[in-house]
Amino acid sequence: MSDLAVDPSADPAKLITTLAAMSEREVSDLLSSPGGNDVLDEIFRQMQANFRPELAKGENAVVRFGLSGGSGGATRTYELRIRDGECALTHEPSTTAPEGRQLTITTDRVRFVRVLTGQANGAKLFLTRKIKVDGDMKFGGKVISWFGVPTQES
């Protein structure tokens, strides 16, 4: 790690507020550590908690994230299901066919966090095939705005 000391056993809610200040290497070390899943779980929990139903009015959708680069090279999947103004979060993809729109975003954990913290451009990463998107692309451009994304407080 660089000059910023990161304790991977720290409270995940506190860690996510410092992600924007971390180097790419620090983010990588943190997210590939055994506590990396806890940090991602907290990011998605906050995304769900900050869901903005007024932006998703009338939409039923499933947004799935496949994030590689975990401890031992593991991939973790998150699924946000939007239905009737409610947002449900799960770590396991549903086996039932989704109603409404479906979008799957696949990338590594570091790129995902870099996009969330504004340190990387998601469109550029998509064009360079570092982020893969399956589903309705136009829908994908607006759906991310439905969730409050955790960032460092100024």
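Analyst: Two strands pair if DSSP finds at least two bridges between them. This is a predicted model.

User: OK, then how many bridges join E2 to E3, and do they run parallel or antiparallel?

Analyst: Strand E2, residues 76–83, is joined to E3 by five bridges, and the two run antiparallel. Within that pairing, glutamate 79 stands opposite threonine 90 of E3.

User: What is the strand order in the whole sheet?

Analyst: The order is E3-E2-E1-E4-E5, an open sheet of five strands with mixed pairing. Strand E3 (86–90) and strand E5 (132–135) are the edge strands, each pairing on one side only. From one strand to the next, the twist averages 15°.

User: Which strands does H3 lie across?

Analyst: Helix H3 (residues 36–49) lies across strand E1 (61–68), E2 and E3, and runs at about 10° to E2. H4 also packs on the sheet, where it touches E1, E2 and E4. The direction of H4 makes about 110° with that of E4.

User: Switching to the largest pocket: how much space lies in it?

Analyst: About 420 Å³. It is lined by 18 residues, and those closest to its centre are Ile105, Val115, Gly122, Ile131 and Ile144.

User: And which elements give two or more residues to that lining?

Analyst: Strand E4 (101–108), helix H4 (109–116), helix H5 (122–127) and helix H6 (137–143).

User: What is the lining like by class?

Analyst: There are 14 nonpolar and four polar residues in the lining of the largest pocket, and no charged ones.

How values were computed:
Residues are numbered from 1 along each chain as its sequence is written. This is a predicted model: local features need pLDDT of at least 70, side-chain atom pairs count only at pLDDT 80 or more; totals for chains, interfaces and linings use all residues. Side-chain values use heavy atoms; hydrogens and water are left out. On a 1 Å grid over the protein atoms alone, a cavity is a set of points where a 1.4 Å probe fits but cannot get out, and a pocket is an open set with protein on both sides within 12 Å along at least five of seven lines; lining residues have an atom within 4 Å of a point. Grid points are joined across faces, edges and corners, and a volume is the space filled by probe spheres set on the points. Helices (H or I, at least four residues) and strands (E, at least two) are DSSP runs, numbered from the N terminus. Ala, Val, Leu, Ile, Met, Phe, Trp, Tyr, Cys and Pro count as nonpolar, Asp, Glu, Lys and Arg as charged, and the others, Gly among them, as polar. Axes are lines fitted to C-alpha atoms, for helices over the stretch in contact, and angles run from 0 to 180 degrees between N-to-C directions. Contact means heavy atoms within 4.5 Å.
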